[in-house]
Amino acid sequence: MTTLQPSAPPADLPAGSVLSVRGLRKDFTLHTIDGRVVEALHGVDLDVAPGEHVALAGTSGAGKSTLLRCVYRTYLAGGGHIWFRTAAGDLVDVAALPDATVADLRGHEIGYVSQFLKAQPRRSVLTTVASAGTARGMARDAAREAAAAALRQVGIAEHLWDMHATVLSGGQKQRVNIAAGTIAPPRLLLLDEPVSALDPANRSAVLDLIARLERTGTAVLSVFHDLDAIERLATRVVVLGGGRVLASGPPEQILRDSSLPLEVAR
Ligand SMILES: Nc1ncnc2c1ncn2[C@@H]1O[C@H](COP(=O)(O)OP(=O)(O)OP(=O)(O)O)[C@@H](O)[C@H]1O
């Protein structure tokens with residue numbers, strides 16, 4: 001994978017932010033359709049502070065998932081910077097870091113939970129969650145204890161813990177996924193529709209867990225297709241449209257602004 005050229009962080013980034021995205025651009029070239037270019041992000045700026053939960057909103061195709069994937073470096077940015085403040089206090093540009101450093105950050109400081117669990121074959125539910133903890137530096141026994149607590153919290157019954165995660169239902173997998181993604185809370189948690197397959201009771205348990213993480217200082221950048229979840233959890237909503245930031249503000253203001261292109265369900 002290639003990387004952009006590293007550069008020094010600008011002096012005017014907010015002092016306390018965990019994440020400061022500046023001028024982020026991303027295009028996709030569709031080689032199978034005559035090299036057509038899809039312009040997904042056109043120069044996005046946003047900041048997330050510790051304990052802050054920034055929810056991305058906007059119509060389908062606005063660039064929300066692409067933004068999360070650029071921050072996690074699943075996609076390489078086409079331009080701009082993704083400044084991340086590490087636990088050691090260094091500001092690093094995720095868009096320009098070597099792959100090995102990105103892998104290390106993912107292991108310890110930046111978590112990503114999508115709507116799908118990538119379950120390893122023949123690995124039990126408890127081991128799936130515990131190994132996410134050991135990957136973040138927890139001792140084996142502590143990770144198994146924390147995994148049990150996280151599974152209880154998201155309502156996965158004990159008789160399921162020794163089953164292979166691959167055989168669970170969609171909603172069960174999604175809850176195992178969130179337990180694994182939050183077992184050792186990262187400094188920055190990226191959430192891409194983490195409750196899309198859940199019934200109301202389980203959804204509520206997962207939202208409680210995310211709220212608790214925020215109170216312990218985890219910075220969250222999320223996509224929820226659900227106005228309730230945004231109202232309950234977000235401290236700020238950033239509305240994207242056509243790959244640009246259209247508006248940013250507190251949920252109570254943004255979600256009631258009928259002039260904004262929001263696409264969320266009640
Ligand atoms: N891997 C890809 N290859 C080509 N185009 C892509 C790719 N990923 C995203 N896009 C395009 O980038 C644009 C933004 O997509 P993205 O998935 O970020 O939107 P979104 O706001 O998350 O939408 P939704 O709410 O429907 O999930 C869309 O036009 C999409 O087709």
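**Note on helix packing and the ligand shell**

1. Among what covers the buried residues of α3 are α4 (140–153) and α5. Those buried residues of α3 are V125, L126, T128, V129, A130, A132 and G133. It should be kept in mind throughout that this is a predicted model.

2. At the other end of the description of α3 stands a glycine, G137, which follows the helix and has a positive phi, near 95°.

3. S124 lies in the loop between β6 (110–113) and α3 (125–135). With 15 other C-beta atoms within 10 Å, S124 is partly exposed, because the count falls between the 12 or fewer of an exposed residue and the 20 or more of a buried one. Once its neighbours within four places in sequence are set aside, S124 is in contact with W161, D162, M163 and H164. As for A148, which is 24 residues from S124 along the chain, the C-alpha atoms of the two are separated by 12 Å.

4. Helix α6, which runs over residues 200–215 and has 16 residues, reaches 23 Å from its first C-alpha to its last, and this is close to the 22 Å expected at 1.5 Å a residue. Its buried residues are R203, V206, L207, I210 and L213; they cover an arc of only 110° around the axis, so they are placed on the same side of α6. A201 and R215, by contrast, are exposed and sit on the other side of α6.

5. The buried residues of α6 pack against two helices, α5 (170–182) and α7 (227–233), and against two strands, β7 (188–192) and β8 (219–223). Just after α6, G217 takes a positive phi of about 105°.

6. Around the ligand, the residues are F28, V38, A40, G58, S60, G61, A62, G63, K64, S65 and T66. The elements that give two or more residues to this shell are β2 (36–48) and α1 (64–72), and the largest share, 3 residues, comes from α1. By class, the shell around the ligand is made up of 6 polar, 4 nonpolar and 1 charged residues.

Technical notes:
Residues are numbered from 1 along each chain as its sequence is written. This is a predicted model: local features need pLDDT of at least 70, side-chain atom pairs count only at pLDDT 80 or more; totals for chains, interfaces and linings use all residues. A residue is near a molecule or strand if its C-beta atom, placed from the backbone, lies within 6 Å of it. Helices (H or I, at least four residues) and strands (E, at least two) are DSSP runs, numbered from the N terminus. Ala, Val, Leu, Ile, Met, Phe, Trp, Tyr, Cys and Pro count as nonpolar, Asp, Glu, Lys and Arg as charged, and the others, Gly among them, as polar. The expected span of a helix is 1.5 Å times one less than its number of residues. The arc is that of the directions from the helix axis to the C-beta atoms. Two residues are in contact if their C-beta atoms, placed from the backbone, lie within 7 Å.
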